[in-house]
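Work through these exercises on pockets and helix packing. Try each task before you read its solution.

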Amino acid sequence: MLYPELFKSLEAARWNMDADIPWDSFDGQLLSEEQAITIKMNAITEWAALPATEMFLRDNRDDSDFSAFMSIWFYEEQKHALVLMEYLRRFRPDLVPSEEELHAIRFEFDPAPPLETLMLHFCGEVRLTQWYRRAAEWHTEPVIKHIYTLLSKDEARHGGAYLKYMRQAIERAGDIARAAFAKVGVLMASSARTKQALHPTNLHVSTQDFPRDTIQSRLPDPGWLERWLNQQIDFNKDCEARVVGGILRNLSSLFDQTFETVQDLNRFRKSIPA
């Protein structure tokens, strides 16, 4: 089981909302209106850990180890939403998300193959690590800069935990797991082919709710993510290259291969026995 080991490592790295956030350093002159609004949108997006956890528990009923790990992941992701809301409560109470706004993003996802979903969320953590690093650089107010730095480090640790479960899956399922991870890896590293932000909260997950079946589509401002990435935190080609590079490096290690490009990964995917 991986859960006991992951519990210890993540517990040791856990930060405290009262002791580890420099609330007294807040400088209201350094927080713009557009920055404050993006904090609200990210708080609501982080709340999506709730329906995601419900999906993970439903689709992994035969894996108690991974399901137990969800207790850690769910706690820490909801804590991300909470610390962003606490920031707004203290300094911009008019922007605190309402319970209705939070509940709007809780809907049932369609069942999906667990291995593909695992890889999808691993890539999502790699991407969110870089998004939050850029957010910390873009913000000018010191407290929120500190918060986004903490969140980025959490997401990196979550990605590392998912990677451990991916290694375990390869030990248990061999080429079935390799094929699933390579397929989703090619998709999530092919950002140059699409203008869409390739993150689980921006992908369609419910046939019956289409087209309003992404987390982002249910936010008060469904178009905020693209503006945040392209116009505000300036998540440019160099930033995106770090995401793609991170996915390729981790899959190179996972598969004991060398992937310099998405094309290399795709060729490996095609070589896996059916």
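**Exercise 1.** Which element gives the most to the lining of the largest pocket?

*Solution.* This is a predicted model, in which local features need pLDDT of at least 70, side-chain atom pairs count only at pLDDT 80 or more, and totals for chains, interfaces and linings use all residues. Residues are numbered from 1 along each chain as its sequence is written, and side-chain values use heavy atoms, with hydrogens and water left out.

Step 1. On a 1 Å grid over the protein atoms alone, a pocket is an open set of points where a 1.4 Å probe fits, with protein on both sides within 12 Å along at least five of seven lines. Lining residues have an atom within 4 Å of a point. Helices are DSSP runs (H or I, at least four residues), numbered from the N terminus.

Step 2. Find the lining. It has 41 residues, and L120, H121, P200, T201 and V205 lie nearest the centre of the largest pocket. Elements that give two or more residues to this lining include α2 (33–46), α6 (114–138) and α9 (224–232).

Step 3. Pick the top contributor. It is α6, with nine residues.

**Exercise 2.** How do the residues of the lining of the second largest pocket divide by class?

*Solution.* Step 1. Sort by residue type: Ala, Val, Leu, Ile, Met, Phe, Trp, Tyr, Cys and Pro are nonpolar, Asp, Glu, Lys and Arg are charged, and the others, Gly among them, are polar.

Step 1. Locate the pocket. S191, A192, T194, Q196 and E240 lie nearest its centre, among 25 lining residues. The largest share, five residues, comes from α10.

Step 2. Read off the classes: 11 nonpolar, eight polar and six charged.

**Exercise 3.** At what angle do α2 and α9 pack?

*Solution.* Step 1. Take the axes: lines fitted to C-alpha atoms over the stretch in contact, with angles from 0 to 180 degrees between N-to-C directions.

Step 1. The angle is about 130°, and the axes are 11 Å apart. α2 is therefore oblique to α9 (under 35 degrees is roughly parallel, over 145 roughly antiparallel, 65 to 115 roughly perpendicular, the rest oblique).

Step 2. List the contact (heavy atoms within 4.5 Å). E34, T38, M41, N42 and T45 of α2 meet W224, W228 and Q232 of α9.

**Exercise 4.** Which residues make the contact between α6 and α9?

*Solution.* Step 1. The two axes cross at roughly 60° and come within 11 Å.

Step 1. α6 brings W131, Y132, A135 and W138, while α9 brings L225, W228, L229 and Q232.

Step 2. By class, seven are nonpolar, one is polar and none is charged.
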